[in-house]
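Here is a friendly walk through one model, told as questions and answers. Have the viewer open and follow along.

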Amino acid sequence: MSYELYSKAGSCSMAVHAIMNELGLNPKVYIKVAGDGPDGLKNPEYLKLNPRGNVPFLVEDGKGMIEGGAIITYLCDKHGALLPKLGQQRAQALQWLMFANATLHPAYGRTFWISSNLPQEQQEGALKAARAQIQQLWDYVEGELEKSGTTYLAGIEPTAADFLLTTIANWNPAAYKFGPKTKAVFKNISARPSYQKALAEENIEYKAAA
Ligand SMILES: N[C@@H](CCC(=O)N[C@@H](CS)C(=O)NCC(=O)O)C(=O)O
């Protein structure tokens with residue numbers, strides 16, 4: 001079984017990278033950069049492999065796969081870790097994985113879109129509104145962790161969702177206030193050897209747990 005992972009340093013694909021390290025999969029990781037240059041995400045060679053021109057892109061024994069939420073679920077199920085198999089525990093773990101992938105990630109995506117597409121004079125107001133939405137999501141996470149009293153999003157053991165949440169939190173962390181329980185998740189996950197290895201391989205400094 002061979003795994004190749006295309007990642008952009010520190011982006012959502014770094015969560016897949018850390019999860020693969022945690023699962024002991026020893027992926028060969030190719031770090032891409034934004035844009036069209038030789039290593040860019042829109043470079044014609046990369047577009048031949050992955051016409052979406054984004055990351056994460058996983059190649060398992062020559063077969064490609066897109067969409068981080070699906071890649072993570074597939075790998076965790078296949079290798080039997082970081083995603084409970086059955087029942088309420090699985091429901092909670094999937095809920096939080098999808099929250100990170102399909103709610104929190106797109107909310108950050110709006111801030112990136114505003115910064116690269118809106119005229120300068122419109123950016124301040126739009127960014128303020130988009131960041132306020134993101135802050136509400138972080139406040140929701142803290143509230144749910146307080147209610148459940150658990151160390152991680154879906155219980156006392158970490159699941160894949162904690163890895164994705166921890167990774168997203170490191171995107172412009174100075175712009176947001178994280179509650180103490182949320183920060184404890186970032187601290188615990190970012191300290192794991194699997195996560196430290198991904199940070200080192202992608203040359204990223206982890207700041208959200210400070
Ligand atoms: N829904 C997709 C979103 C993937 C996505 O937006 N990836 C970002 C990095 S976090 C990307 O590749 N952006 C393109 C770029 O940076 O040019 C997924 O979860 O895989």
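**Helix contacts, loops and the ligand shell**

Asp-162, Phe-163, Leu-165, Thr-166 and Ala-169 of helix 6 meet Val-185, Phe-186, Ile-189 and Ser-190 of helix 7. By class, this contact has six nonpolar, two polar and one charged residues. Keep in mind that the model is predicted.

Q: Are helix 6 and helix 7 roughly parallel or roughly perpendicular to each other?
A: Two packed helices are described by the angle between their axes and the distance between the axes. Here the axes of helix 6 (residues 160–169) and helix 7 come within 9 Å and cross at roughly 105°. Angles of 65 to 115 degrees count as roughly perpendicular. Helix 6 and helix 7 are therefore roughly perpendicular.

Q: Where on helix 8 do its buried residues fall?
A: The buried residues of helix 8 (residues 193–202) are Tyr-195, Ala-198 and Leu-199. Seen down the helix axis, they fall within an arc of 100°, so they line one face of helix 8. An α-helix has 3.6 residues a turn, so residues three or four places apart point the same way. On the other side of helix 8, Pro-193 and Ala-200 are exposed, which leaves the buried residues on one face of the helix.

Q: Which helices do the buried residues of helix 8 pack against?
A: The residues in question are Tyr-195, Ala-198 and Leu-199. Their packing partners are helix 1 (12–22) and helix 7 (180–190).

Q: Which peptide bond is cis, with omega near 0°?
A: Most residues other than glycine have a negative phi, and most peptide bonds are trans. The loop between helix 2 (44–49) and strand 3 (57–60) contains Pro-56. The bond with omega near 0° runs from Val-55 to Pro-56.

Q: Is Asp-61 buried or exposed?
A: Asp-61 sits in the loop between strand 3 and strand 4 (63–65), and its phi is positive, near 45°. Asp-61 has 8, so Asp-61 is exposed.

Q: What is the phi of Glu-67?
A: Glu-67 is found in the loop between strand 4 and helix 3 (68–79). With 15 other C-beta atoms within 10 Å, Glu-67 is partly exposed. Although Glu-67 is not a glycine, its phi is positive, at about 75°.

Q: How many residues of the shell around the ligand are charged?
A: The ligand is surrounded by twelve listed neighbours, including Lys-8, Val-55, Pro-56 and Glu-67. The shell divides into five nonpolar and five polar residues, and the charged ones number two.

Q: Is Leu-82 buried or exposed?
A: Leu-82 lies in the loop between helix 3 and helix 4 (87–117). Not counting residues up to four places away in sequence, Leu-82 touches Ile-19, Glu-22, Cys-76, Pro-158, Thr-159 and Ala-160. The cut-off for this class is 20 or more other C-beta atoms within 10 Å. Leu-82 has 23 such neighbours, so Leu-82 counts as buried.

Q: What distance separates the C-alpha atoms of Thr-150 and Phe-112?
A: Thr-150 is found in the loop between helix 5 (120–148) and helix 6. Leaving aside neighbours within four places in sequence, Thr-150 is in contact with Leu-145, Gly-155 and Ile-156. Phe-112 is 38 residues from Thr-150 along the chain, and their C-alpha atoms are separated by 32 Å.

Definitions and conventions:
Residues are numbered from 1 along each chain as its sequence is written. This is a predicted model: local features need pLDDT of at least 70, side-chain atom pairs count only at pLDDT 80 or more; totals for chains, interfaces and linings use all residues. A residue is buried if 20 or more other C-beta atoms lie within 10 Å of its own, exposed if 12 or fewer, and partly exposed in between; C-beta atoms are placed from the backbone. Helices (H or I, at least four residues) and strands (E, at least two) are DSSP runs, numbered from the N terminus. The arc is that of the directions from the helix axis to the C-beta atoms. Two residues are in contact if their C-beta atoms, placed from the backbone, lie within 7 Å. A residue is near a molecule or strand if its C-beta atom, placed from the backbone, lies within 6 Å of it. Ala, Val, Leu, Ile, Met, Phe, Trp, Tyr, Cys and Pro count as nonpolar, Asp, Glu, Lys and Arg as charged, and the others, Gly among them, as polar. Axes are lines fitted to C-alpha atoms, for helices over the stretch in contact, and angles run from 0 to 180 degrees between N-to-C directions. Angles under 35 degrees count as roughly parallel, over 145 as roughly antiparallel, 65 to 115 as roughly perpendicular and the rest as oblique.
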